[in-house]
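Please look over the sequence and the structure shown below before reading on.

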Amino acid sequence: MAAKILNYYAGGNTAKGFYSLYESSLKDLDKLFILKGGPGTGKSTLMKRIGQSFYEKGFDIEYLHCSSDNSSIDGVKIPALKAGIVDGTAPHVIEPKAPGAVEEYVNLGEAWYTASLTAQKGVILELTHKVSESFQQAYALFAEALKIHDEWEEIYIDNMDFQKANEFTSQLIQELFANKIGTGESVVRHRFLGAATPKGAVDFVQNLTEDTPNRYFIKGRPGSGKSTLLKKLVSHAEANGFDVEVYHCGFDPNSLDMVIVRELGFSIFDSTAPHEYFPSRQGDEIIDMYEHLITPGTDEKYQKELTEISNRYKEKMREAISFLAQAKAYHDELEEIYRPALNFEKLDQIAEEIQTKLTALIK
């Protein structure tokens with residue numbers, strides 16, 4: 001069987017600021033290399049290189065993508081070896097559970113010619129400040145957008161049949177789980193299926209769900225109970241001993257966008273913008289929350305208010321994304337300063353040392 005690559009985010013630029021799910025994403029590892037080093041020190045390149053090497057050896061690979069740079073990754077996992085590598089620089093600071101035994105720090109700063117960097121200290125500090133400032137402006141705008149989104153949700157919440165919602169959820173749980181019990185203690189993994197990035201909203205729904213025979217596409221409006229439904233499915237899966245992948249919303253991490261129980265062969269996800277998909281194969285099914293649970297005619301009755309709210313929300317999101325792009329531009333300038341100061345032979349040596357240690361884990 002061919003090796004597989006799974007793509008997702010473990011951190012995101014959200015309405016709550018930078019939100020980390022790294023602890024959950026990495027908790028099952030017995031060996032973790034934590035890379036330290038500034039911009040342009042080759043962290044992402046090193047991780048991609050090693051990930052590709054093990055993929056070519058036939059190992060399944062998981063890539064933890066970077067929400068602040070569409071071309072970079074923040075981590076790579078090799079599940080069969082219970083091992084991985086992660087960027088341990090801010091904002092994704094990793095709390096070690098057994099330093100030395102599990103976590104091993106790797107200082108890529110050893111590959112710098114520091115004299116040339118010292119000469120540009122002022123520029124580096126200024127650009128670093130601008131990057132941080134741009135992110136803070138983006139987060140503030142995401143928070144404003146979330147308040148507008150709450151207004152949007154309120155209209156549909158006020159027009160929901162909650163008794164019917166509870167009955168509908170119970171029926172769906174019965175359909176998905178059919179009174180089955182898992183084989184052991186539940187393992188719950190928290191991740192993001194997508195993220196707000198400098199290039200807008202990006203998701204990996206298709207990659208994450210391609211191996212699930214049954215996919216359920218939840219359609220609906222803000223406040224029509226999609227996240228609540230998913231949270232109840234997670235609770236049921238966990239209570240009955242199933243491993244479950246929980247994918248949080250990249251905009252509001254308190255909400256859920258997708259749940260996967262691979263043991264039972266199903267994925268169920270919020271299939272509305274910005275991650276809107278439609279059935280394309282056997283085993284795909286639409287679940288329309290608006291049709292089942294919301295008072296008929298709600299869209300038409302509140303059309304004027306909904307249009308105004310939608311336009312305000314989209315404008316705030318566009319503005320926030322522009323600040324993420326600005327932060328990326330400043331970060332690129334920093335990389336241009338650091339890259340010429342990098343000793344590539346030393347970097348290759350560090351990569352080879354990590355590769356050798358990981359290869360030694362193969363049974």
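**The start of helix α11**

At the N-terminal end of α11 the cap is N343, which places a side-chain oxygen 3.1 Å from the backbone nitrogen of E345. This distance, like every other value here, comes from a predicted model. The helix itself spans residues 344-359, and its 16 residues reach 22 Å from the first C-alpha to the last, close to the 22 Å expected at 1.5 Å a residue.

The buried residues of α11 are L347, I350, A351, I354, Q355 and L358. They cover an arc of only 135 degrees around the axis, which puts them on the same side of α11. An α-helix has 3.6 residues a turn, so residues three or four places apart point the same way.

The cover over the buried residues of α11 includes the helix α2 (43-56) and the strands β4 (31-36), β6, β7 (83-87) and β8 (103-107), whereas the face turned away from the buried side carries the exposed residues E345 and T356.

**Strand β5 and its partners**

Strand β6 (residues 73-78), part of the cover over α11, also runs antiparallel to β5, to which 4 bridges join it; within this pairing, H65 has I73 as its bridge partner. Strand β1 (residues 5-9) pairs with β5 in the parallel sense over 5 bridges, and here N7 stands opposite Y63.

In a regular strand the side chains alternate between the two faces of the sheet. Both faces of β5 are covered, with I61, Y63 and H65 buried on one side and E62 and L64 buried on the other. Because 5 of the 5 residues of β5 (residues 61-65) are buried, this strand is largely enclosed by the rest of the structure.

Methods. Residues numbered from 1 in each chain as written. Predicted model: local features only at pLDDT ≥ 70, side-chain atom pairs only at ≥ 80, totals over all residues. Heavy atoms only, no water. Buried < 20%, exposed > 50% of the residue type's maximum accessible area, 1.4 Å probe, protein only. Helix = DSSP H or I, 4+ residues; strand = E, 2+ residues; numbered from the N terminus. Pairing = 2+ DSSP bridges. Expected span 1.5 Å × (residues − 1). Arc of directions from axis to C-beta. Contact = heavy atoms within 4.5 Å. Polar contact = N/O pair within 3.5 Å; in protein donor to acceptor, adjacent residues only side chain to side chain.
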